[in-house]
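Open the model in your viewer and keep the sequence panel beside it. The stops below go from one selection to the next.

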Amino acid sequence: MSEKIPGMDYDTDEVIENFKDKFKWPKKDGDVDVVVAPPKVGVKALLAALLTVVISCGLYYFNYPAFNFKTYDLYFFIISVIVVFIAAFSVLVGARTKVESKEYVKSKSGIPILLIAVILLVMGIGWLTGATLFRAKSYSKLMPIENSNFAEDFESVKYDEVPRLDSATAKVIADQQLGQLDEYMSQYVVTQNSTQINYKGKPVRVAYLEYADVFRWLSNTKDGLPAYMLIDLVTQKVQVVNCVDKFGEGIKYSPTELFNEKLLRHLRFQYPTAILDVPNFEIDDEAHPFWITPVLDKTIGLFGGTDVKGVIITDALNGKSEYASIDSVRNEKKYSWIDVVFSENLVIQQYNYYGKLKNGFWNSIFFRKDVNVASTGSGNIALDDDVWVYTGITSSESDTSNFGFILCNQRTKETRYYKNGGATEISAQESASDAVQNYGYQPIFPILLDIEGQPTYFMSLYGDSLTVKGYALVNLDDKTIVGTGLLDVAKSDAKALNAAVTNYIDALKDKGKVDEKANAEEYKVDETEESNTEENAETDSSEQPEKQDGNTAVTGEITDIKTSVNDGNTVYYLQIKGKYYYIKVTDCMDVLLLKKGDTVTVTYAEADGEFIPAASVKK
């Protein structure tokens with residue numbers, strides 16, 4: 001047979017060999033795998049790489065993972081980049097439509113798949129090296145615990161200076177205050193994430209504002225958030241601190257921003273390797289707003305033993321940041337204004353490691369000797385000019401009683417254990433609810449106080465509107481000993497508080513817990529003068545209501561004007577200092593000439609509610 005193909009100048013063997021080079025020769029009939037290299041494969045690989053870079057930059061921008069081998073985010077990001085490259089290359093070579101291209105991509109995917117497998121293996125080994133199964137002792141030592149004396153430590157905690165609001169009730173009164181300010185209420189809302197701090201010796205919550213929606217963000221992001229809310233947890237007064245007026249500019253960096261001004265993204269670009277915890281909004285002694293962002297470290301294995309190694313202090317107005325180690329925050333006076341470094345979740349997690357694992361992992365599973373955990377819920381108290389997390393300690397079987405409780409300093413992580421057993425916080429709340437069941441009020445999470453040497457749960461009672469309706473005191477050792485005081489009965493906050501402590505001490509006497517000489521007067525607050533916030537204390541006397549011709553007069557700027565027609569009469573409603581004063585046009589024709597921004601003097605006979613009938617209006 002001729003070695004040439006008839007009519008062609010080709011050698012038969014050469015054609016067959018070329019054919020074999022392009023195809024994997026089948027092992028059996030019908031088993032043919034096409035491995036033909038697509039045309040311009042090098043160019044397409046380069047394009048896939050460039051497309052991967054673009055997409056990966058987008059992923060990094062919106063997810064901003066830390067470039068730190070101690071966080072899972074980095075590994076998942078690397079895997080995502082590999083997957084994006086494989087997908088982009090497959091699309092460019094036409095793997096979806098061409099069988100030979102699909103087989104080519106399969107043949108070249110071995111190395112990327114191997115890389116992913118290696119990454120997953122590293123993650124698995126990293127997890128194992130930090131698993132509680134193997135490192136129980138290390139986990140139990142994350143939080144050093146020291147025993148302390150309840151009577152000595154709580155002697156400085158004053159009954160009339162403890163917080164009467166929690167985060168939910170504080171937000172309600174902050175919302176109410178914001179709703180009275182026309183320039184803010186339609187543009188912003190109060191955040192759910194307020195921070196409890198000590199400000200000039202008082203327990204307060206500070207809450208930043210958030211844009212009401214994306215359209216309000218578009219309208220206002222250039223100037224930033226104009227103000228923040230300062231809520232006094234004792235007096236229950238709210239101050240709107242206008243940053244533009246006070247500091248000359250608004251809050252430009254916050255979690256509510258988008259793009260480069262979004263706080264965590266801003267911090268990621270400044271500190272690309274830092275493992276960032278949730279930022280806390282705080283203010284210094286001059287009321288200047290800052291973000292305090294804990295920087296985490298993994299101290300056990302590769303991913304275990306989460307702890308705080310420092311903080312990033314960010315000026316909320318201009319975004320300038322500085323890093324301070326945890327030792328500096330604990331020991332240097334210039335950082336003493338910082339209150340929250342260790343979150344409540346981290347504190348409770350570390351105590352639970354101690355309570356469960358101090359006698360080994362298997363003991364926590366089977367024998368459970370001396371195993372205990374933090375009880376449900378936690379609160380905050382002010383002590384030694386710091387904010388401390390409070391939570392009870394109960395057995396791992398979730399008993400209805402505590403056998404002790406802990407305080408943990410949120411700035412230093414100093415943790416004190418008190419061996420004072422009794423009712424759990426939930427049980428105490430149930431006792432308080434039972435005492436006012438006719439009213440349907442519910443208690444906030446309790447705070448522990450020392451009253452007549454008795455560890456005592458203190459809690460505010462709130463109604464359906466989440467506003468404070470009264471107070472309750474429940475004995476830690478005997479939850480049937482309860483004292484309550486209600487605003488509906490006492491008609492003032494101070495009188496309700498005094499009624500609660502009087503009833504409680506009387507109940508202690510009845511149960512023989514205290515001597516008959518115990519005197520509630522030592523704990524009562526002054527009923528003749530309710531405490532005021534610093535804002536109210538500094539209010540100019542000229543802004544206070546005056547008396548004119550037997551009526552009360554108020555002078556101020558008109559911030560809103562509304563009208564209505566009642567029984568054929570046109571009525572004008574003028575908003576001044578958060579309240580509406582209304583008057584008929586027939587009684588005061590001058591109101592027809594008034595506009596927003598005018599300063600007027602309104603006289604009225606009685607002030608009851610938000611809408612007050614005016615006797616006269618003068619410009």
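Two strands count as paired if DSSP finds at least two bridges between them. Strands (E, at least two residues) and helices (H or I, at least four residues) are DSSP runs, numbered from the N terminus. This is a predicted model, in which local features need pLDDT of at least 70 and side-chain atom pairs count only at pLDDT 80 or more, while totals for chains, interfaces and linings use all residues. Residues are numbered from 1 along each chain as its sequence is written, and side-chain values use heavy atoms, with hydrogens and water left out.

**Stop 1: strand β6**

Select residues 202-211, which make up strand β6. Of its 10 residues, 8 are buried (under 20% relative accessible area; exposed is over 50% and partly exposed in between, with a 1.4 Å probe and protein chains only). Strand β6 is therefore largely enclosed by the rest of the structure.

Next, show strand β4, residues 188-190, which pairs with β6 in the antiparallel sense over 3 bridges. Valine 189 has glutamate 210 in β6 as its bridge partner.

Then show strand β7, residues 227-232, also antiparallel to β6, with 5 bridges. Aspartate 232 of β7 is opposite valine 204.

**Stop 2: two positive phi angles**

Go to the turn of the β5-β6 hairpin, where 2 residues lie between the strands. Lysine 200 sits in this loop and has a positive phi of about 55 degrees, although it is not a glycine. Its relative accessibility is 48%, so lysine 200 counts as partly exposed.

Now select alanine 287, in the loop between β10 (280-283) and β11 (289-300). Alanine 287 is not a glycine either, yet its phi is positive, at about 70 degrees. Because its relative accessibility is 5%, alanine 287 counts as buried.

**Stop 3: helices α3 and α4**

Select helix α3 (residues 72-93) and helix α4 (residues 99-108), which pack at an angle of about 155 degrees with axes 9 Å apart. The axes are lines fitted to C-alpha atoms over the stretch in contact, and angles run from 0 to 180 degrees between N-to-C directions. Which residues of α3 and α4 make the contact (heavy atoms within 4.5 Å)? Show Phe89, Ser90 and Val93 of α3 together with Ser101, Tyr104 and Val105 of α4.

Terms used:
Contact = heavy atoms within 4.5 Å.
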